[in-house]
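Have the 3D view open as you read.

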Amino acid sequence: MAVPAISVEQLTRVYSSRKGFLFNEVTRTEALRGVDLEVAPGELFGLLGPNGAGKTTLAKILSTLLLPTSGRAHVLGLDVVREANRIRPRIGLVLGGERGLYYRVSGRENLRYFADLYGIARSEREPRITEMLERVGLGDSGDRRVEEYSRGMKQKLHLARGLLHAPELLFLDEPTIGLDPKSARETRKFVRALLAEGVTIFLTTHYMFEAEELCQRIAVLSKGKIVATDTVPGLRRLVGGDRTFEIDGYGFEDSELARVRALPGVSRLVTEEFGPRLRITLRVQDPQLELDRVAQCLLGHPELEVRERRTALEDIYLDLVEEEPA
Ligand SMILES: Nc1ncnc2c1ncn2[C@@H]1O[C@H](COP(=O)(O)OP(=O)(O)OP(=O)(O)O)[C@@H](O)[C@H]1O
Ligand SMILES: [Mg+2]
């Protein structure tokens, strides 16, 4: 079998920071608490998780920017701690945000600087830069100063920078954050094109539809731990069922909710308040269970609205990262 593009075993990372009077209080944050995962060559692997889950920490460790506290991680078969220098030329990293660019010079000059850092031959440098500017959609603005760039343009320049040296493996940390829908769509198209060229991609995102649209497999990270790794259909099975029922109404009693929860085939029940209205969301495993059966448990609520929809990745995600209500 081919060497995995990424393999991680029992990885942890603790941040210690000092605060308080005389900085004598040390706070410890366990950002990663025993992460295991494996990504195959040529795969587009998605890492999903809420704010603070540890996604950026993991991406930074795998791209050798940050050391792990314990555990092991290999990238392209190389150890991220002992063989970082051999990993770096073969990977690209695109972090979200606006840092890491030189504002006073043009996009093209930024790329020249990074091309030299990556050791790209002078003869190849200019055509490569022009190609990357075109590909990310900055063909017309490569010679403008970066301080004149919009946030989306800076994000595109980051992408061009991360790909200059034609890496085999690309880390994308929230690549579409802050992009308008058209630019985000172009970026996703570009990511798919890279995948078709054989680049392995490790992508973090908050956007469920983005993960669902792009990723072959998804890991859900919650509070430093992977709570699930699977394909989208696999995740759907894991949390119980392809079917989701939504019931909107007013003033449901606990006993009524208990009756709904007890119906055969109901794997999960969540309630949300929308002002005075209450929404019950059900994950349903049994293909036989009809919406009518659910409505029968809630007789006496004439204003009931019931509907069935397909379980979205967002539902699954919430099931995985949120605690079941009592
Ligand atoms: N340099 C640091 N010093 C101390 N704590 C940190 C540092 N960087 C991150 N953390 C903490 O580690 C945890 C994980 O942070 P991380 O940035 O990896 O999360 P994330 O999943 O990328 O979140 P987001 O979705 O908001 O980008 C958080 O609790 C964060 O506060
Ligand atoms: Mg992050």
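How far is an oxygen atom of ligand 1 from a polar backbone atom of Ala53? The distance is 3.2 Å.

Before going further, a word on the ground rules: this is a predicted model, where local features need pLDDT of at least 70, side-chain atom pairs count only at pLDDT 80 or more, and totals for chains, interfaces and linings use all residues. Residues are numbered from 1 along each chain as its sequence is written, chains are lettered from A and ligands numbered from 1 in the order in which they are written, and side-chain values use heavy atoms, with hydrogens and water left out.

**Around the ligand**

There are 13 residues around ligand 1 (a residue counts if one of its heavy atoms lies within 4 Å). Asn51, Gly52, Lys55, Thr56 and Thr57 come nearest. Here are some polar contacts, meaning pairs of N or O atoms within 3.5 Å:

| Residue | Atom of the residue | Distance to an oxygen atom of ligand 1 |
|---|---|---|
| Gly52 | backbone N or O | 2.8 Å |
| Ala53 | polar backbone atom | 3.2 Å |
| His206 | side-chain N or O | 2.9 Å |

**How the helices pack**

Helices here are DSSP runs (H or I, at least four residues), numbered from the N terminus. Their axes are lines fitted to C-alpha atoms over the stretch in contact, and angles run from 0 to 180 degrees between N-to-C directions.

Take helix 3 (residues 107–117) and helix 5: they pack at about 25°, with axes 10 Å apart. So helix 3 and helix 5 are roughly parallel to each other, since angles under 35 degrees get that label, over 145 is roughly antiparallel, 65 to 115 roughly perpendicular and the rest oblique. Touching here (heavy atoms within 4.5 Å) are Gly107, Asn110, Leu111 and Phe114 of helix 3 and Leu157, Ala160 and Arg161 of helix 5.

On the helix 4 side you'll find Arg128, Met132, Leu133 and Val136, meeting Lys156, Leu157, Leu159, Ala160 and Leu163 of helix 5.

Helix 4 has another partner: its axis and that of helix 6 (residues 181–196) come within 10 Å and cross at roughly 130°. Helix 4 and helix 6 are therefore oblique to each other. Met132, Arg135 and Val136 of helix 4 make this contact with Phe190, Ala193 and Leu194 of helix 6.

Terms used: Helices (H or I, at least four residues) and strands (E, at least two) are DSSP runs, numbered from the N terminus. A polar contact is a pair of N or O atoms within 3.5 Å; within protein, one must be able to donate a hydrogen and the other to accept it, and residues adjacent in sequence count only if both atoms are side-chain atoms.
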